[in-house]
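Let's take a walk through this one together. Have the sequence and the picture side by side, and follow along piece by piece.

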Amino acid sequence: MGSPQGLEDENGSSSSSSMRTAETMLRLLPMALCVVALVIMLKNSQTNDFGSLSYSDLGTFRYLVHANGICAAYSLLSAIVVAVPRPTTMSKAWTFFLLDQILTYVILAAGAASTEVVYLAYKGDTAVTWSETCGSFGGFCRKATASVAITFMVGIFYVGISLFSSYRLFRKYDAPIGDYKNKGGIEIATY
């Protein structure tokens, strides 16, 4: 493993300023999408002759709401921290990297689990005699589908954010330097 380079990476140049602006915007956009997905799901309930159905009746949709709320708050806080022009330390870079990775997986898991519930609501599961629900609660299913689709868009943004934080962290390390004696540059073990 290479050794860490100097701790400062923000030198006030226009390229670092434009990169900081791009990262700040990349962190703010999913916040807005998270809030939209959260509000759609929070207002998702339907009552008809067959009964009533609300997002809170399904644990997966409650998880989706919580995950979107957490990601919206993190997006806002991280955008504020990134927007302030300060040198990036190793601990700050590692913190962003780890939190970005965790929240990427949290939002993807929420979207994937909710997709399964929406699929079962549309198709049902005859093997366990679970009938489809969307024939009776079409409005509920459409709103749930919209919220899940927006959540996957948030996931795409978080993948981009993770790439940014990975770049910011791993550019601080030198590439490993080896003493290669062969012409191809590939180290061959000898026994």
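Over residues 63-84, the chain is 95% helix and 0% strand, with its end C-alpha atoms 32 Å apart. Keep in mind as you look that this is a predicted model. That stretch is one of those that UniProt, in an unreviewed entry, labels "transmembrane region"; the record lists residues 25-43, 63-84, 96-122 and 146-164. For residues 25-43, the chain is again 95% helix and 0% strand, and here the end C-alpha atoms lie 28 Å apart.

Now for the overall layout. The protein chain has 4 helices and 2 strands. Starting at the N terminus, the order of these elements is α-β-β-α-α-α. The chain has 191 residues, and 36% of them count as buried.

Next, zoom in on helix α2, which covers residues 59-83. α2 is 25 residues in length and spans 36 Å from its first C-alpha to its last, close to the 36 Å expected at 1.5 Å a residue. Which residues of α2 are buried? Among them are F61, L64, V65, N68, C71, A72, S75, A79 and V82.

How do α2 and its partner α3 meet? To describe two packed helices, you give the angle between their axes and the distance between the axes. Helix α3 takes up residues 90-123, and its axis comes within 9 Å of the axis of α2, the two crossing at roughly 155°. An angle over 145 degrees counts as roughly antiparallel, so α2 is roughly antiparallel to α3. The crossing of the two is left-handed. Sorted by class, the residues in the contact of α2 with α3 are 19 nonpolar, 5 polar and 2 charged.

Two single residues are worth a stop as well. T47 sits in strand β1, which runs over residues 45-48. Is T47 buried or exposed? Its relative accessibility is 64%, so T47 counts as exposed. Along the sequence, T47 and F137 are 90 residues apart, yet in space they are 8.1 Å apart, C-alpha to C-alpha.

The other stop is A149, found in helix α4, residues 138-170. A149 has a relative accessible area of 42%, so this residue is partly exposed. From A149 to T115 there are 34 residues in sequence, while the C-alpha to C-alpha separation is 8.7 Å.

Terms used
Residues are numbered from 1 along each chain as its sequence is written. This is a predicted model: local features need pLDDT of at least 70, side-chain atom pairs count only at pLDDT 80 or more; totals for chains, interfaces and linings use all residues. Side-chain values use heavy atoms; hydrogens and water are left out. Axes are lines fitted to C-alpha atoms, for helices over the stretch in contact, and angles run from 0 to 180 degrees between N-to-C directions. Angles under 35 degrees count as roughly parallel, over 145 as roughly antiparallel, 65 to 115 as roughly perpendicular and the rest as oblique. A crossing is left-handed if the near helix is turned anticlockwise from the far one by less than a right angle, and right-handed if clockwise. Ala, Val, Leu, Ile, Met, Phe, Trp, Tyr, Cys and Pro count as nonpolar, Asp, Glu, Lys and Arg as charged, and the others, Gly among them, as polar. Buried means under 20% relative accessible area, exposed over 50%, partly exposed in between (1.4 Å probe, protein chains only). UniProt positions are given in the numbering used here, feature names are shortened, and annotations may be inferred rather than shown by experiment. The expected span of a helix is 1.5 Å times one less than its number of residues.
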